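I wanted to see how this protein is packed inside, and I kept notes as I went through the model.

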Amino acid sequence: MLRFLVLTSLAAIVLAEDQPRYLEDRRERVVGGEVASPNSWPWQIALQYISGGYAYLQCGGTLIARDWVMTAAHCVDSDRTWRVVLGEHDLYSISGREQFLSVSQVYIHPNWNRYNVANGYDIALLKLSSPATLNSYVQLGALPPSGEILPNNSNCYVTGWGATSTGGSMSGELKQAYLPSVDHETCSSPDWWGSTVKTTMVCAGGGAESGCDGDSGGPLNCLINGRYYVHGVTSFGSSLGCNTIRKPTVFTRVSAYIDWMNSVSMKNVFI
């Protein structure tokens, strides 16, 4: 039986150019995780939906252009009123650095199937109602070249407000976890994820560290030649537990979808 869980959140909250300053001590993780320095991942966004005077944290995401956000398809494949929060750190307080922008259009990959997450294509683009203002707290995430494959054991971090343990509570503050990448040959081996993992996916972690519920849609930030690139969109983990050994967090491989993203944005770039 296929055993995996998408990593969305249903936590309610009241409506309310720096390089990341990641922590060097890698003994602590997100299932475990460390609180990130405020706004040290300035392309990370919080995706919320509005209902009954409250904003509900649904997922994370990445600002990839001033008016475009990348997230997971499973985060937005329902009819809701979406809002993106930029410059966010603590979900339960207002720092004055936040920008709250509504979403004018949702573009889900046409091959996405909500009943079969392991089929892949778990990626979506959100067109913002107005462009973001870029500053020290809000920056664009860098995307890898089309087709680029991460080397095994690359230095990567997952970031998000997801649960700090399997079945545990959400984090109010943005957290980060060091998740070294796992190459496809290893991750698709029988005692890891097997055939569940496709070549259009990226695995990272596989031990005490992982993404968890609420981290979906957020970035996998990988350090390549001195710069962080968003190589993954958080997609799913094991139903046996977020940090099950040899069941690393699985991400949509961003470099497999560059052409699709360009085709969507080019049709709407001036709208």
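Entry 1. I am working with a predicted model, in which local features need pLDDT of at least 70 and side-chain atom pairs count only at pLDDT 80 or more, while totals for chains, interfaces and linings use all residues. Residues are numbered from 1 along each chain as its sequence is written, and side-chain values use heavy atoms, with hydrogens and water left out.

Entry 2. I looked up the secondary structure and found two helices and 16 strands, taken as DSSP runs (helices H or I, at least four residues; strands E, at least two) and numbered from the N terminus. Of the 271 residues, 56% count as buried, meaning under 20% relative accessible area with a 1.4 Å probe, protein chains only.

Entry 3. I then looked for nonpolar cores, each a set of buried Ala, Val, Leu, Ile, Met, Phe, Trp, Tyr and Cys residues joined through side-chain atoms within 4.5 Å. The largest has 44 residues, and Leu47, Leu63 and Leu86 are among those that touch the most other members. Elements giving two or more residues to this core include strand 4 (44-51), strand 5 (54-65) and helix 2 (258-268). A second, separate core of 13 residues includes Val158 and Val202.

Terms used
Buried means under 20% relative accessible area, exposed over 50%, partly exposed in between (1.4 Å probe, protein chains only).
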